[in-house]
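Biologist: I would like to learn how to read a few features of a structure. Could we take them one at a time?

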Amino acid sequence: MKHTIKMLSIFPEIFDSFLKVGLLEKAIAKGCLEVETINIRDFTDDPHRSVDDAPYGGGAGMLMKVEPVVRALEAAGDGKRILLSPQGRRFDQK
């Protein structure tokens, strides 16, 4: 049975190196696994392919625009979805 994983990222090329080693490499080579990376920037409206925006109400930092993410999710099709969240303890120098 062939399984497909579709990963959405603004840096899809970051996955290339670890998909070419270990068990993932073997599964892909045997045809048991297919991995597709989807660049969220491909689903933006502006010529600069911007995916970030200022937080609503101001404040420090940047947020991802929801529109490109939703378009990319829709393009990925149906299936189980695992979404990472920014919730939790802040990771900083302390």
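Modeller: We will go through salt bridges, a backbone angle, a pocket and one serine. Keep in mind that this is a predicted model.

Biologist: How many salt bridges does the structure hold?

Modeller: Side chains of opposite charge can pair when their charged atoms come close. The structure holds 3 salt bridges. One of them joins K2 and E34, with N and O 3.9 Å apart. This pair links distant parts of the chain, since K2 sits in the segment before β1 and E34 in strand β2, 32 residues apart.

Biologist: Which residue forms a salt bridge with D42?

Modeller: R49 does, and the closest N and O atoms are 3.2 Å apart. In another salt bridge the side chains of R71 and D45 meet at 3.1 Å, N to O. That pair also links distant parts of the chain: R71 belongs to helix α2 and D45 to the loop between β2 and β3, 26 residues apart. R71 is partly exposed, with a relative accessible area of 29%, and D45 is exposed, with 67%.

Biologist: What is the phi of R49?

Modeller: Most residues other than glycine have a negative phi. R49 is not a glycine, yet its phi is positive, about 60 degrees. R49 is placed in the loop between β2 (33-39) and β3 (52-53). Its relative accessible area is 34%, so R49 counts as partly exposed.

Biologist: How much space lies in the largest pocket?

Modeller: Rolling a probe the size of a water molecule over the atoms shows where empty space is left. Here the largest pocket holds about 1,100 Å³. Its lining has 27 residues, and L8, L73, I82, L83 and L84 lie nearest the centre. By type, the lining residues are 17 nonpolar, 5 polar and 5 charged.

Biologist: Which element supplies the largest share of that lining?

Modeller: Strand β1 does, with 6 residues. At least two lining residues come from each of β1, β4 (63-64) and α2 (66-76).

Biologist: Where does S9 lie, and why does it count as buried?

Modeller: S9 lies in strand β1, residues 3-9. Its relative accessible area is 13%, and buried means under 20%. The S9 side chain reaches the backbone nitrogen of F11 at 2.8 Å. Leaving aside neighbours within four places in sequence, S9 is in contact with F15, I38, N39 and I40.

Terms used
Residues are numbered from 1 along each chain as its sequence is written. This is a predicted model: local features need pLDDT of at least 70, side-chain atom pairs count only at pLDDT 80 or more; totals for chains, interfaces and linings use all residues. Side-chain values use heavy atoms; hydrogens and water are left out. Helices (H or I, at least four residues) and strands (E, at least two) are DSSP runs, numbered from the N terminus. Buried means under 20% relative accessible area, exposed over 50%, partly exposed in between (1.4 Å probe, protein chains only). A polar contact is a pair of N or O atoms within 3.5 Å; within protein, one must be able to donate a hydrogen and the other to accept it, and residues adjacent in sequence count only if both atoms are side-chain atoms. Contact means heavy atoms within 4.5 Å. On a 1 Å grid over the protein atoms alone, a cavity is a set of points where a 1.4 Å probe fits but cannot get out, and a pocket is an open set with protein on both sides within 12 Å along at least five of seven lines; lining residues have an atom within 4 Å of a point. Grid points are joined across faces, edges and corners, and a volume is the space filled by probe spheres set on the points. Ala, Val, Leu, Ile, Met, Phe, Trp, Tyr, Cys and Pro count as nonpolar, Asp, Glu, Lys and Arg as charged, and the others, Gly among them, as polar. A salt bridge is a side-chain nitrogen of Lys or Arg within 4 Å of a carboxyl oxygen of Asp or Glu.
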